[in-house]
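Here is a note for a colleague opening this model for the first time. Please keep the structure in view while reading the points.

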Amino acid sequence: MQFTTRSLRYALFASVGVLAACDQNELQTSPQTPLLSQSSELAVELSTPTATSGERIAIAIANTSALPIGGVQGHLKFNPSQLRYRGQVRDANSQAIMLVNDADAVSGSIRVAILDPANLKHSASMVFDVIGQGYASSVTFVPEEVATNGSPVKVIDADVAAGYIVNSGLQSPADAARMTYGDWTDALEATEVAAEPGNIINGLKYGDATGNGLIQLSDALYIVNVSVGGNEMIIGTDGTGPQGRVDAVVAGNVVPFNVDGTPSDLGEASDPNPPGREANGSRLLSLADALAIVNESVGSLQPVVGEVIPGRPVTPVSNRVVVNADITTSTTWLASNIYELAGRVVVTGGATLTIQAGTRVEGARSVGGSNGAYLVIARDGTINAQGTPLQPIVMTCTLNAGETPRFKGCWGGVSILGNASVNETGTLTSPVIAGRAATGGCREANAEGGAGLYGGCNDDDNSGTIRYMRLEYPGFRFNAENELNGLAMYGVGRGTTVQFVQVHAGLDDAFEMFGGTVNMSYLYATATSDDGFDYTFGYTGNTQFFIAQHDPLDSDNGFENDNATSNFDALPRAVPTVYNATIVGLRNNRVGIPESQNRGLLVRRGARPHYFNFHVEGFTSALLIVNDQTCVNAQTATGFELKNSTFALNQTLGGSVPVGCSSTATAFLTGNGNTFPATSSLLSPLSLLVPDFRPSVADVGATPPAGFDVTATYVGAVAPATATKNNAPWYAGWTRGWVNATTP
């Protein structure tokens, strides 16, 4: 059958209704095996190898094998002193799509992605002006990805034949043009997708990258455009927002399918290998994703594609359960309910609170900054809150009909009280707690906000697990020294797991540690009124991968570091180790803000942290060090270290206050692997709705030691962008963007 553009559109749209009721998991119930054992063979076609200067030639990529190749992506290389790229020729009678990224054409390389659900024979023509002789020998194709049509789509190996094939039928007309993503959507009458993320779409399916309820050509077109670097805005969130749009990382990332025949193959909480995750744990939007989507749209059913994404139920959850008493027996909160905390709720008496992935918890609103709800995990209680990238646990405050929008401090957040060591504060009276603290008599103290007693003798204490959780609008301020934070950890031990947590629009600190030894990773603080990362009373844990994006109106320090409040040499001393942090002060909106309200790092009161691979940008003052006790053995393994880090676009490094430990911040930081570039390497750190903290070019940092991710040898919290910017950072898909602190 010869497909025209009109007939292709008809096939794409007509197939959607038939496919909606299909269970894609029935298509393949055993582990995936290669569809084809042999590799494909591709070749470069030239319209002529002997054109002279001033003439035009055409180049195409051909499939010279019998394999049903549906997608090819790679680099067409040529000598830029001999050929100049003009554009492409589209065959209106073909259903093939070819997107070209010519950003590097002046260097002799263009990136090409070809989709052809009717099986590729040869691509559309790419037209060049001949500007020098001998061009034929310089033309080569370097494949990045080749995939087959079928059920399911498969990625296969590819070989490229040496030399070239002459195909005099290739056309090189004068009207050849650079066809952009927008040109293709117009030509195919496809629905164009907006890049910004927005509301969770109930019933959203894998493959529906545009979020319009259909699996169609426009979805594949959007993804393949991302795969060649035509659209890098892939990293937004599915959090609440006014745009009503969808994150392509979630909907468009389907390959590898990772279907192994188990009941959960779609990324449910029990699925150990969700769709779209590569073998190394990364997520890439690639040509294979687009090909799977376009195959599904024309009736070649694929695993995963067309299935409702876990956490996006067709009917939204509405059943509300009010919690108005402490939890003293082990309890599970279900994703099928919304749990409303009527006031302070304490998990105690040996109980474990389990919160299912995708569960929503809402705290009753505070009245004048107090009397609101907050959750406390006591020293004899534990929490097991394990969300997923598709189904994060969301904790926020109530929003009832007729109420004003949510605001900073409209509920109290989460406080975890542990049995690990603290310094200076309290008395040596910690109790023995069965299963948690075998000995007593160590330091204990009262947590802020009346949360209860914390601290003890067990640095290996385990208060439970928190993974993939968003805490929104938390924090009370009873007075200047008595506050609740987003996630407050009091004497929490290193047996506790805290990973993938966002605190958004907190009234006080996002993450605050009062002593303890807890290790953490993948933390994200946005729009916090006070500090992003704060500790005191001898905190000694390890953290890796931390991002803070400040509120332009009222955020304070990126990091606030204290050993103690009065005895700055109290033991155990605060000596945490942090690798790979990105701290952004939203420089464009904070001109004139006092230094005391806008520092990247404040290190004082005897704290001697070890910081490596930091990116600090956009602050009135990048660094302030205070107190002689802080400066002992500075920039050595036994003192405060700040090394292998980047400081960009800060108004000053040390501000008007002496930096301490040396006469100036510049003297303290110079050497030690630190750099001070005049521009930022981050792609879009100031965007609030769709921030992009990936560096465009990797700044080489220190190699983290054992116990950390030793592969993160770059500066900052996020791996650098790939050449086409199609790699999704770790915060993509489960965190939320924002407009301001009270508007999502």
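**Notes on the model**

1. **Helix 5.** Begin here. In helix 5, the buried residues are Leu-287, Ala-288, Asp-289, Ala-290, Leu-291, Ala-292, Ile-293, Val-294, Asn-295, Glu-296 and Ser-297. Buried means under 20% relative accessible area, exposed over 50%, and partly exposed in between, with a 1.4 Å probe and protein chains only. Gly-299 follows helix 5 and has a positive phi, near 100°.

2. **Basis of the model.** This is a predicted model, in which local features need pLDDT of at least 70, side-chain atom pairs count only at pLDDT 80 or more, and totals for chains, interfaces and linings use all residues. Residues are numbered from 1 along each chain as its sequence is written, and side-chain values use heavy atoms, leaving out hydrogens and water.

3. **Confidence.** pLDDT is the predictor's confidence in each residue, from 0 to 100. The chain averages 87, and 89% of the residues score at least 70. Residues 194-198 stay under 50, yet the model gives them 24 contacts beyond four places in sequence. Residues 235-245 are also below 50, with 55 contacts beyond near neighbours in sequence. A contact means heavy atoms within 4.5 Å. Where pLDDT is low, the predicted coordinates should not be read in detail.

4. **Overall make-up.** The chain has six helices and 42 strands. These are DSSP runs numbered from the N terminus: helices are H or I with at least four residues, strands are E with at least two. Of the 744 residues, 59% count as buried. Among contacts between residues at least 6 apart in sequence, 73% join residues at least 24 apart.

5. **Helix 3.** How many residues of helix 3 are buried? The count is 11 of 11 over residues 217-227, and the helix is mostly covered. Among them are Leu-217, Asp-219, Tyr-222 and Asn-225. Gly-229 follows helix 3, with a positive phi near 85°.

6. **The largest pocket.** Its volume is about 1100 Å³. The lining has 41 residues, and Gly-281, Ser-282, Arg-283, Tyr-468 and Trp-730 lie nearest the centre. Helix 4 (248-251) and strand 25 (464-472) each supply at least two lining residues. By class, the lining holds 24 nonpolar, 11 polar and six charged residues. Ala, Val, Leu, Ile, Met, Phe, Trp, Tyr, Cys and Pro count as nonpolar, Asp, Glu, Lys and Arg as charged, and the others, Gly among them, as polar. A pocket is an open set of points on a 1 Å grid over the protein atoms alone, where a 1.4 Å probe fits, with protein on both sides within 12 Å along at least five of seven lines; lining residues have an atom within 4 Å of a point. Points are joined across faces, edges and corners, and the volume is the space filled by probe spheres set on them.

7. **Aromatic pairs.** The structure holds 32 aromatic pairs. The ring centres of Tyr-468 and Phe-500 are 4.3 Å apart and their planes are at 10°, so this pair is stacked. Tyr-468 lies in strand 25 and Phe-500 in strand 29 (residues 497-504), so the pair ties together parts 32 residues apart in sequence. Both residues are buried. Rings of Phe, Tyr and Trp (its six-membered ring) pair if their centres lie within 6.5 Å; planes under 30 degrees apart are stacked, over 60 edge-to-face, and the rest tilted. One aromatic cluster includes Phe-511, Tyr-535, Phe-546 and Phe-668.

8. **Ala-525.** This residue sits in strand 31 (residues 519-526). Ala-525 is buried, at 2% relative accessibility. Its contacts beyond four places in sequence include Ala-510, Phe-511 and Phe-546. Ala-525 and Ala-510 are 15 residues apart in sequence, and their C-alpha atoms are 5.9 Å apart.

9. **Backbone points to check.** Most residues other than glycine have a negative phi, and most peptide bonds are trans. The bond joining Val-255 and Pro-256 is cis, with omega about 0°. Pro-256 is in the loop between helix 4 and helix 5. Leu-571 to Pro-572 is cis too, with omega near -5°. Phe-537, not a glycine, has a positive phi of about 60°. Phe-537 is buried, at 11% relative accessibility.
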